[in-house]
Amino acid sequence: MLLFGAYLSYRYDRWKSMLVVAACVGVFLLVTLLVFGLTLLATDPQERYELTDTYIKIGSGRSSAFYRFRKIRTAAVTKKYIELQGKITRARVYAPAEDFNFVRRYILNRLPGECDVRYA
């Protein structure tokens with residue numbers, strides 16, 4: 001943008017318009033740095049979970065989703081989350097490091113026998 005603005009300012013000999021271009025690029029860079037700065041400050045994802053013997057409820061209110069353990073086909077276990085996949089939908093379950101082993105055992109013990117469990 002700066003190069004194009006400089007080219008047009010040089011071509012038409014209107015250097016005051018270059019200030020407008022520089023201001024727009026400056027505001028764009030400022031917003032970009034602010035957004036990326038906020039993402040660097042973010043911690044691990046946080047979500048509300050409700051575990052029962054038959055299902056896991058992820059989220060709250062209208063944005064909540066139920067995943068019945070008997071309908072889960074694949075489970076992928078990583079160091080930070082457990083990914084559950086049914087026929088169509090997929091969900092990730094995050095847990096704090098101190099509770100992760102309990103949550104992992106709780107979920108894996110309730111999955112059906114034909115469920116494919118992968119460890120990454």
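**Entry 1: Y81 and the basis of the model**

I began with Y81, which is buried at a relative accessible area of 19%; buried means under 20% relative accessible area, exposed over 50%, and partly exposed in between, with a 1.4 Å probe and protein chains only. I noted that the model is predicted, that local features need pLDDT of at least 70 and side-chain atom pairs pLDDT 80 or more, whereas totals for chains, interfaces and linings use all residues. Residues are numbered from 1 along each chain as its sequence is written, and side-chain values use heavy atoms, with hydrogens and water left out.

I then looked up strand β5, residues 81–85, and found 4 of its 5 residues buried. Helices (H or I, at least four residues) and strands (E, at least two) are DSSP runs, numbered from the N terminus. Two strands pair if DSSP finds at least two bridges between them.

On one pairing, β5 meets strand β4 (residues 74–77) in the antiparallel sense over 4 bridges. I recorded Q85 of β5 as the bridge partner of T74, and V77 as standing opposite I82. The hairpin from β4 to β5 passes through 3 residues.

I also examined strand β6, residues 90–94, which runs antiparallel to β5 and is joined to it by 5 bridges. Here Y81 stands opposite Y94. The hairpin between β5 and β6 has 4 residues.

**Entry 2: the sheet as a whole**

In which order do the 4 strands of the open sheet lie? I read the order as β6-β5-β4-β7, with mixed pairing. The edge strands are β6 and β7 (116–119), each of which pairs on one side only. Neighbouring strands are turned by 15° against each other on average, direction ignored; axes are lines fitted to C-alpha atoms, for helices over the stretch in contact, and angles run from 0 to 180 degrees between N-to-C directions.

Helix α3, residues 100–108, lies across β4, β5, β6 and β7 and runs at about 20° to β5. Contact means heavy atoms within 4.5 Å.

**Entry 3: aromatic pairs**

Why is the pair of Y55 and F66 edge-to-face? The ring centres of Y55 and F66 are 5.0 Å apart and the planes stand at 65°, so the pair is edge-to-face. This pair links Y55 in strand β2 (residues 55–58) with F66 in strand β3 (residues 65–68), 11 residues apart. Y55 is buried at 17% relative accessible area, whereas F66 is partly exposed at 48%.

I next checked Y81 and Y94: their ring centres are 5.5 Å apart and their planes at 55°, so this pair is tilted. Y81 in β5 and Y94 in β6 are 13 residues apart. Y94 is partly exposed, with a relative accessible area of 24%.

**Entry 4: charges over rings**

I applied the rule that a charge sits over a ring if NZ of Lys or CZ of Arg is within 6 Å of the ring centre and within 35 degrees of the ring normal. The charged end of R110 sits over the ring of Y106, 3.6 Å from its centre. For R11 over the ring of Y12, I noted 5.9 Å.

Note on methods
Phe/Tyr/Trp six-rings, centres within 6.5 Å; stacked < 30°, edge-to-face > 60°.
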